[in-house]
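Visitor: I would like to learn how to read a structure like this one. Please take me through a few features.

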Amino acid sequence: MATTANEPVAIPGTSEERSQRPRRADSSGNGGRRNGVPATGKLPAVKKYSPPPASTGIWVVLASITMSFAAFTSALIVRQGGATDWHHLTLPPILYLNTLVLFASSFALEKARRQVGAFMGGQKTQGPKTQTDKPALWLYVALSLGLLFVGGQYVAWLQLRAQGLFLNTNPNSSFFYVLTAIHALHVLGGLGGLVRVISRLNQSILRKSPLDATAYYWHFMDALWVYLLLLLWMKL
Amino acid sequence: MHDMAKHEAVAHHAPTSFISKHVFSLDHKVIGKQYYGMALLAALVGMFLSWLMRVHLGWTNAAIPGLHLLTKNGAPGDVMTPEFYLQLMTMHATIMVFFVLTTAPFAAFGNYFLPIQVGAEDMPFPHFNMMSFWVTFVGFLVLVSSFFVGTGPTLGGWTQYAPLSALGEVGGPGEGTGVVLWALSIAIFCVGQLLGSLNFITTTLDMRTKGMSLWRLPLSAWGWFITSCMGLTAFAVLMPACILLILDHVAGTSFFVTGNIVINDQMQPHSGGSTLLWQHLFWFFGHPEVYIAIIPGMGIVSHVLMANMRKPMLSHRVLVYSMGGLAALSYMVYGHHMFVSGMNPVSSLAFSFPTLVITIPSTIVVLIWLGSLYGAKLRINSASLFGLGFISMFIAGGVSGFFLAQPSIDIMLHATYFVVGHFHLVMGVAAMFGIFAGTYFWFPKMYGRMMNETLGKVHFWLSFVGAYAVFMPFHYLGLAGNVRRYQAFTPDYMQPLIPLHRFITVAALITGAAQLIFVYNLIYSRFKGAPATDNPWQATSLEWSTPTTPPPHNNFGDKLPEVFHDPYQYGVESSVGDYVMQASPEKVKTEHDEA
């Protein structure tokens with residue numbers, strides 16, 4: 001644990017306390033995620049053992065992104081329903097290549113996450129330097145592939161433009177640009193998260209929950225992209 | 001998301017400079033006060049705009065001295081033009097709904113008291129929290145700035161129905177730049193509220209102190225938690241709608257504008273868009289928004305009333321379930337705003353049913369309040385009076401909802417003042433009374449001084465009588481066929497109603513002026529009020545257990561409290577009196593230990 005702050009560990013005796021806890025209609029507590037804290041309630045100890053909010057927060061973030069894209073989807077379906085100006089649009093083939101790049105990026109991030117998880121869990125088979133070097137390398141790979149994906153999306157927009165399809169040409173092209181651009185913005189946000197994770201890993205102050213949160217977000221971007229690709233392929 | 005890493009450890013040190021202490025503060029308490037200050041400013045602006053409208057409705061051709069200062073072309077000779085009236089109406093509604101009713105009960109009080117009530121030292125992501133306020137404030141500035149650019153603010157109403165809202169300047173003054181600024185402001189506002197919701201949800205789930213189970217959360221904390229869950233989904237839908245609306249303006253897309261629209265002999269360059277799409281997206285947000293405004297008030301008022309009734313509600317759990325039920329159902333009823341939109345009548349029927357169902361949890365909440373009040377030795381003070389006022393307004397405004405829920409009746413009443421009266425009472429005045437109840441109740445904790453009770457009671461009675469004097473006649477006007485959104489009622493069948501309009505105008509001016517008593521009380525008590533003790537109301541929840549008043553930077557000093565009791569242990573026998581605080585380890589005998 002020389003290089004990286006660890007996750008809070010279970011406190012001895014907590015589970016016993018939990019099993020002995022009296023049930024309802026009693027003056028003792030029965031909940032609170034912080035119940036694992038030492039009974040003294042002293043602040044430094046509480047801080048050390050409190051669960052990381054990033055692991056809850058990430059699901060909140062993903063829920064709101066899901067809602068936003070659900071709104072865009074329903075907009076697309078309603079708009080198509082009454083449209084007289086709906087023209088078929090052939091997706092630029094580079095999108096399929098971009099999909100693979102995004103998947104590869106996710107794979108690299110997962111690889112890094114596993115490695116960090118392994119040495120945080122206490123497996124010390126290598127020296128402390130190589131412990132952070134290897135996952136950092138995979139993180140750089142994930143970051144580069146992510147950038148490549150955004151670049152690839154940009155190429156797709158250029159290809160559409162070359163066909164004379166602009167944002168306001170027809171509803172299909174409008175939805176294509178809007179959905180892919182907003183997804184790309186979210187991907188850029190995820191790249192910002194990756195940069196932060198890398199810098200914290202290099203400073204040896206990374207905790208595991210932000211890395212996990214970044215990874216969940218990144219995998220979610222994959223799933224969202226596959227969903228969007230199917231939607232665009234079927235509807236446009 | 002990536003910022004989470006930084007705030008993992010939650011702790012941040014007490015700020016030292018003026019900027020980090022009062023401006024870009026990470027302290028949830030300061031952020032709460034900033035939200036409150038912004039809401040107060042916005043409320044005064046919104047009220048001022050409503051005064052201008054009321055004067056114009058009562059005396060249509062009268063000049064309002066200085067009116068031309070607010071607008072370039074809207075007030076020749078200080079007489080309001082019809083377009084300017086609509087611009088004022090739009091801004092009044094937008095400012096009130098977004099920047100007062102959403103921010104004050106939810107973001108202001110929630111920021112200040114949610115972390116304290118769950119026993120935490122701060123919210124988990126303080127930087128997001130700070131951004132949440134400043135982003136919202138920028139949204140407010142963007143909205144207000146539309147008074148000073150181009151042809152002024154938009155006149156399309158706070159609902160911004162397409163195609164009018166999407167056509168651009170050709171649709172009327174303010175329909176170009178004004179709409180873009182409006183949509184931009186609301187999209188920015190959505191970002192702020194999403195960041196806030198993220199903090200509220202994680203605070204409630206992750207930051208509760210030892211012994212604070214979900215069922216031991218005070219009802220106010222439940223209100224904020226449920227509201228933040230709604231905010232998370234509602235604002236996430238409004239933002240895409242605003243993005244598409246902006247694109248229709250600046251990029252020439254046709255999401256919301258149909259083809260073949262001719263204005264001033266000019267064919268508009270749009271085709272195929274769906275005007276109803278905007279209404280669907282907007283009201284999918286818009287109806288939950290009504291509950292975003294009122295559910296924190298329900299929580300606050302329950303919290304305040306129990307401390308003054310000295311007994312718990314008939315059922316804590318049923319109240320929580322009902323508030324949750326309201327939140328869930330609010331997503332299924334939004335179509336009742338669209339009964340006259342040309343939507344398929346079958347859809348109207350489908351939306352009418354859940355709209356009638358949603359009256360059930362509302363009624364349960366009201367019955368629990370009334371049943372609990374029955375036989376209680378209620379302490380009469382400004383806070384409890386506004387709590388009672390809240391219930392009164394909620395009932396009075398809610399009852400007309402039963403009528404409007406039915407398409408056959410709504411078609412008659414929808415475009416009249418009946419609806420205006422309905423939503424002003426149930427959403428506007430009720431939520432404002434919730435804010436007032438919270439202010440009188442929590443001010444001693446926030447500033448360490450008591451508010452003046454006499455001024456508070458004068459404020460209550462003037463507001464209570466005044467609000468009914470203003471909004472009850474609206475229902476009568478509506479039944480008489482007085483259409484809404486009209487800027488004047490000149491010689492036609494509405495002529496006989498003008499004396500009533502004048503009465504409403506006078507009542508609105510007096511009621512509005514009465515709010516200045518509240519502002520004076522706030523400022524006076526902040527500096528000259530009687531010093532408050534740590535627990536002036538003998539209340540039980542954790543905000544009254546802080547080591548100092550106002551609470552120290554990390555809320556509880558160097559030791560977090562441990563919770564031993566349900567939130568509202570009033571009417572028991574303990575060493576301190578008829579209540580036992582949540583953080584007190586004292587064992588008491590109680591009939592009410594529900595959780």
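Visitor: Is Asn264(B) buried or exposed, and what count decides this?

Guide: A residue is buried if 20 or more other C-beta atoms lie within 10 Å of its own, exposed if 12 or fewer, and partly exposed in between, with C-beta atoms placed from the backbone. Asn264(B) has 6 C-beta neighbours inside 10 Å, so this residue counts as exposed. The model is predicted: local features need pLDDT of at least 70, side-chain atom pairs count only at pLDDT 80 or more, and totals for chains, interfaces and linings use all residues. Residues are numbered from 1 along each chain as its sequence is written, while chains are lettered from A and ligands numbered from 1 in the order in which they are written.

Visitor: Where is Asn264(B) placed?

Guide: Helices (H or I, at least four residues) and strands (E, at least two) are DSSP runs, numbered from the N terminus. Asn264(B) sits in the loop between strand 1 (262–263) and strand 2 (266–267) of chain B. Its phi is positive, about 50°, although Asn264(B) is not a glycine.

Visitor: What is the phi of Asn555(B), and is Asn555(B) buried or exposed?

Guide: Asn555(B), not a glycine, has a positive phi of about 75°. Because 24 C-beta neighbours lie inside 10 Å, Asn555(B) counts as buried. Its place is the loop between helix 16 and strand 3 of chain B.

Visitor: Which peptide bonds are cis?

Guide: One of them runs from Ala162(B) to Pro163(B), with omega near 5°. Pro163(B) belongs to the loop between helix 5 (126–145) and helix 6 (177–206) of chain B. Another cis peptide bond runs from Thr549(B) to Pro550(B), with omega near -5°. Pro550(B) lies in the loop between helix 16 (498–528) and strand 3 (570–574) of chain B.

Visitor: How do I read a nonpolar core?

Guide: In soluble globular proteins, nonpolar side chains tend to be buried together. A nonpolar core is a set of buried Ala, Val, Leu, Ile, Met, Phe, Trp, Tyr and Cys residues joined through C-beta atoms within 7 Å. The largest one here has 232 residues, and Ala39(B), Ala430(B) and Ala437(B) have the most contacts inside it. Helix 4 (residues 82–118) of chain B gives the largest share of this core, 23 residues.

Visitor: Which residues does Ala437(B) contact, leaving aside its neighbours within four places in sequence?

Guide: Two residues are in contact if their C-beta atoms, placed from the backbone, lie within 7 Å. With those neighbours left aside, the contacts of Ala437(B) include Ile300(B), Val301(B), Val304(B) and Phe390(B).

Visitor: What can be said of Met96(B)?

Guide: Met96(B) is in helix 4 of chain B. This residue counts as buried because Met96(B) has 26 C-beta neighbours inside 10 Å.

Visitor: How is a pair of packed helices described?

Guide: Two packed helices are described by the angle between their axes and the distance between the axes. Axes are lines fitted to C-alpha atoms, for helices over the stretch in contact, and angles run from 0 to 180 degrees between N-to-C directions. In chain B, the axes of helix 8 (residues 275–309) and helix 12 (residues 382–404) come within 9 Å and cross at roughly 130°. Helix 8 of chain B is therefore oblique to helix 12 of chain B, given that angles under 35 degrees count as roughly parallel, over 145 as roughly antiparallel, 65 to 115 as roughly perpendicular and the rest as oblique.

Visitor: Which residue classes make up the contact of helix 8 of chain B with helix 12 of chain B?

Guide: That contact has 5 nonpolar, 4 polar and no charged residues. Ala, Val, Leu, Ile, Met, Phe, Trp, Tyr, Cys and Pro count as nonpolar, Asp, Glu, Lys and Arg as charged, and the others, Gly among them, as polar.

Visitor: At what angle do helix 3 of chain A and helix 7 of chain A pack?

Guide: Helix 3 (residues 54–81) of chain A and helix 7 (residues 208–235) of chain A pack at about 10°, with their axes 10 Å apart. Helix 3 of chain A is therefore roughly parallel to helix 7 of chain A. Chain A as a whole has 7 helices and 0 strands, and buried residues make up 37% of its 236 residues.
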